[in-house]
Amino acid sequence: VYGISEANNNLSTEKRLEQNAVYLNLSATYRDFFTEIIYSDSAREEIHFWPSPTDGLLDEMDFLATVFGIKKKLGKDTVLKGVFRYFKSEYWREFDYFTEEFYGQEIERSTKWEAEFNLFYNPSEHFSLTLGSVYNNTDSELKLDIPSLLNLRAGHRINDVQYFSFFLEADYGFSERFKLISGFRLQKLMAFDFAYFNNPDNFIYTQGTYAGTRLEFIPRFAAIYTFGNNHIIKLLYGKAIQYPSSADMVTQKTSGYDHLEPEYIQTVELNYISRISDRLSLNLSFFHNRLDNLIATILEFDSEGNWAPRRSNSGKIISNGVELMISARPSKFLALEFSGTYQQARDQREGFENIDVAYSPDWLLHFKVSYFFNNRISLSLFGKYISPMDTLWDIAKINEDASLGGRIGSRVDGYSVFNCNFRIRNILSKGIYFNFHVSNLFNSDYLFPLNTANSGWADKGTFGNKRKFMISIGKIFH
């Protein structure tokens, strides 16, 4: 059943989770000009929803990014920077479900180009001004061809998704100890056209236009005060927005529902930095986050009591927390680093007051211990701890007693993972290095919380990576 059969002896994940990748990164500068090219080609087998009956569900992705730019000084106080970027990606998935005869493919393609211009004006050591603008244009398409699953053939095409922004930031130092930074961004997502098809053999085809968003005002502010020679206090405020994905916008529109709007996050942070001595420093932050207009699922009921789920901008979460980072250098041979974050997040939706926020651990801890045998050879041990997490609360889940609402999976325990890295620099000649890295050094067992992608079979969670070894040899060009 579902790809598992003792008769064909395929109970193992052996040769069903293989992966390989090729990565290339080239960069160059000439006078005022610079360029960079990034290319990657990867293939990875996965278990998705159910264990695979043959070679494993296969994901392949090709990605290309090119950057061309110029940075030129226009005068004693002014610098102009212009950058053009081009991105192209293709994602291909070959499904491997249920039986060896199952066939299905998913193909996603995307191209994007972007132009950015920045003007930096710095007339004195106490004042600087930055102006900039960004424009980008994206085309994308998705095709699903899964004849083995209800003869599913569907997809969409989205053209000319245009985004424009203008930003300004000013820094002013009232004295050597007190400095203000203030800025804002204006940005807008333009209207765009889309085409949606479902089972094109039956000519179910829809075209439409998404109306775009209003012009958004996104402010930021910082006040920085230095006292003594080794202590800094910062008061920070910032706002950011996240647009819905193009696919979500199209699905919402074709379903006849209201437009999805951007999600917002506002953050206030009080930060204290202290250099206690040449060998010890401390960084302490208190933060408050407010997430509004989050895209969440709601239920709509008709006059007869029938219901259907849909997406809306109805979510709101407030979180408060503290973060501490400590760096110490007891000797020239030993370096210590520690960071810890404690956060309490609360869902503000009506009816969710006693439901913990999904995928939001209270504690997150990191540490690193490095020992330097000399200026060429080092050994590091580092790791992390993540406290227990709950899965998504699905308001449309039908329980055994016919009530609605519940977690899609079990709560996962907190876990720790330790890693190790050994590095030798300047082997044979300057710039050549050898690196030996071990992930999950103690081969610990731990689980990631269930998400919607694997909710069909892994309700207790999915296994984290086991011990992994990686050896790399390279050269750094100076």
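User: Among contacts between residues at least 6 apart in sequence, what share joins residues at least 24 apart?
Analyst: In this predicted model, 58% of those contacts in the chain join residues at least 24 apart, where contact means heavy atoms within 4.5 Å. Local features here need pLDDT of at least 70 and side-chain atom pairs count only at pLDDT 80 or more, while totals for chains, interfaces and linings use all residues; side-chain values use heavy atoms, without hydrogens and water, and residues are numbered from 1 along each chain as its sequence is written.

User: And how many helices and strands are in the chain?
Analyst: The chain has one helix and 25 strands, taken as DSSP runs numbered from the N terminus, with helices being H or I of at least four residues and strands being E of at least two.

User: What share of the residues is buried?
Analyst: Of the 478 residues, 31% count as buried, meaning under 20% relative accessible area, whereas exposed is over 50% and partly exposed lies in between, using a 1.4 Å probe and protein chains only.

User: Switching to aromatics, how many pairs are there?
Analyst: The count comes to 20 aromatic pairs, where rings of Phe, Tyr and Trp (its six-membered ring) pair if their centres lie within 6.5 Å, and planes under 30 degrees apart count as stacked, over 60 as edge-to-face and the rest as tilted. One of them joins Y172 and F174, with ring centres 4.8 Å apart and planes at 85 degrees, so this pair is edge-to-face.

User: Which cluster does Y172 belong to?
Analyst: Ring pairs link Y172 with F127, F174 and F178 into a cluster, and Y172 counts as partly exposed at 40% relative accessibility.

User: What about Y415 and F448, why is that pair edge-to-face?
Analyst: Their ring centres are 6.2 Å apart and their planes stand at 85 degrees, so the pair is edge-to-face. Because Y415 lies in strand β21 (residues 415-424) and F448 in strand β23 (residues 447-448), the pair ties together parts that are 33 residues apart in sequence.

User: Is Y415 buried or exposed?
Analyst: Y415 counts as buried at 7% relative accessibility, whereas F448, at 33%, counts as partly exposed.

User: Which residues lie over ring faces?
Analyst: Among them, R349 lies over the face of F352 at 3.8 Å from the ring centre, and R423 lies over the face of Y433 at 4.3 Å from the ring centre; the rule asks for NZ of Lys or CZ of Arg within 6 Å of the ring centre and within 35 degrees of the ring normal.
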